[in-house]
Each structure stands twice: as C-alpha cells, then as structure tokens.
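Welcome! Let's walk through this structure together, starting with the overall picture and then moving on to particular residues.

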Amino acid sequence: RQEFREDERGLCKIRRYNPDILNPETAQEYAQVMARMGQVFAAISSYSVGLGFNVYGRGVQEGDPEVKAMASDLRKRLIDLGPAFIKVGQVLANRPDIVRADYMEELTKLQDKVPAFPTPKA
C-alpha cells in the first residue's frame with residue numbers, strides 16, 4: 001500500500017537495488033560525486049585535526065568548556081553533511097560504550113531538534 005502511494009507520487013524510482021543505476025555516467029555526475037566526497041573529507045579531516053590539537057596538544061580534559069564546544073561543532077558538522085550523517089549521530093547518541101557523556105549530551109539534540117531537509121536532498 002505504501003509502495004503504491006510513493007509510486008503514485010513519483011517518489012519510488014528504483015524497485016530493486018542495482019549498483020549500475022547508481023554509478024555516475026556523465027562528467028557532471030562524476031564532478032558531483034567528487035565534490036561531495038571532498039565536502040565529507042574536508043569536514044571529517046578538519047574536525048579530526050582540531051580534535052587532535054585540543055586533546056593531545058593542549059591536554060583538554062572532560063568537563064572543559066572546549067569539550068562542549070567541540071561536541072557542538074561535531075553536531076553542526078553532521079547536520080551540514082546531511083541526513084545520513086545525522087542518522088550516524090543519532091545512533092552514536094545512544095552508545096555510551098563508544099561516546100563520552102558530554103558528546104552524547106550534544107548528539108542527543110540530533111534526535112529531536114533537526115532542521116527539515118527538502119525531499120530531493122533527503
């Protein structure tokens with residue numbers, strides 16, 4: 001029933017997963033894929049460098065104001081990267097065995113305070 005409604009509204013274009021459909025074919029599509037990869041790499045690498053500098057260079061400890069700022073920065077970067085990365089943040093917010101409490105506090109904001117995305121972007 002749901003599939004019929006999505007098909008009726010033109011939302012369901014792929015019935016089965018087929019990697020050939022998802023492969024870029026034109027130079028413009030390759031450029032879009034490379035631009036997205038660059039965006040993701042830049043966000044992750046710049047955050048990692050800042051985190052390394054704060055933790056190893058300056059010796060920032062749990063409870064420092066810088067930690068809260070870094071956790072907030074991570075949340076904002078995940079939002080900027082889009083829905084898939086927000087979902088990763090939501091999952092990490094529920095994993096106290098992986099994520100520190102101060103980061104979990106910030107990532108839980110992704111569970112109920114996320115800006116809406118336009119349907120084509122999502």
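## Getting oriented

Two residues are in contact when heavy atoms of theirs lie within 4.5 Å. With that in mind, look at the contacts in the protein chain with a separation of 6 or more: 57% of them are between residues 24 or more positions apart. Please keep in mind as you read that this is a predicted model.

What does the protein chain look like, element by element? It has six helices and zero strands, so its pattern along the sequence reads α-α-α-α-α-α. The chain counts 122 residues, and 23% of them are buried.

## The nonpolar core

In soluble globular proteins, nonpolar side chains tend to be buried together. Here, the largest nonpolar core has 14 residues. Which of them touch the most other members? They are Tyr47, Leu74, Leu78, Val99, Tyr103, Leu107 and Leu110. Two elements give two or more residues to this core, namely α4 (65-81) and α6 (101-107). Helix α4 supplies the largest share, with six residues.

Leaving aside residues up to four places away in sequence, tyrosine 47 touches Met70, Ala71, Asp73, Leu74, Arg77 and Tyr103. Two of these partners, Leu74 and Tyr103, are themselves in the list of core residues that touch the most other members.

How many salt bridges does the structure hold? There are six. One of them pairs glutamate 105 with lysine 68, where the closest N and O atoms are 3.2 Å apart. Because glutamate 105 sits in helix α6 and lysine 68 in helix α4, this pair ties together parts that are 37 residues apart in sequence. Both ends are partly exposed: glutamate 105 has a relative accessible area of 47%, and lysine 68 has one of 44%.

Another salt bridge brings together the side chains of arginine 75 and glutamate 106, at 2.6 Å from N to O. Arginine 75 belongs to helix α4 and glutamate 106 to helix α6, so this pair ties together parts that are 31 residues apart in sequence. Are these two residues buried or exposed? Arginine 75 counts as buried because its relative accessibility is 15%, under the 20% cut-off. Glutamate 106 counts as buried too, at 3% relative accessibility.

## A closer look at glutamate 106

## Arginine 100 and aspartate 102

Next comes a pair of residues close to each other in the numbering. The side chains of arginine 100 and aspartate 102 meet in a salt bridge, with 2.8 Å from N to O. Aspartate 102 is found in helix α6. At 16% relative accessible area, aspartate 102 is buried, whereas arginine 100 counts as partly exposed at 34%.

Some salt bridges share partners, and in this way Arg75, Glu106 and Lys109 are joined into one network.

## A nonpolar patch on the surface

Our last stop is on the outside. Which residues make a nonpolar surface patch of about 380 Å²? They are Tyr17, Ile21 and Leu22. Tyrosine 17 is placed in the loop between α1 (2-8) and α2 (19-22). Why does tyrosine 17 count as exposed? Its relative accessibility is 67%, and exposed means over 50%.

Definitions and conventions
Residues are numbered from 1 along each chain as its sequence is written. This is a predicted model: local features need pLDDT of at least 70, side-chain atom pairs count only at pLDDT 80 or more; totals for chains, interfaces and linings use all residues. Side-chain values use heavy atoms; hydrogens and water are left out. Patches are made of residues with over 30% relative accessible area and no salt bridge: like charges are joined within 9 Å, nonpolar side chains (Val, Leu, Ile, Met, Phe, Trp, Tyr) within 5 Å. Accessible areas come from the Shrake-Rupley method with a 1.4 Å probe; for residues, only the protein chains shown count as cover. A salt bridge is a side-chain nitrogen of Lys or Arg within 4 Å of a carboxyl oxygen of Asp or Glu. Helices (H or I, at least four residues) and strands (E, at least two) are DSSP runs, numbered from the N terminus. Buried means under 20% relative accessible area, exposed over 50%, partly exposed in between (1.4 Å probe, protein chains only). A nonpolar core is a set of buried Ala, Val, Leu, Ile, Met, Phe, Trp, Tyr and Cys residues joined through side-chain atoms within 4.5 Å.
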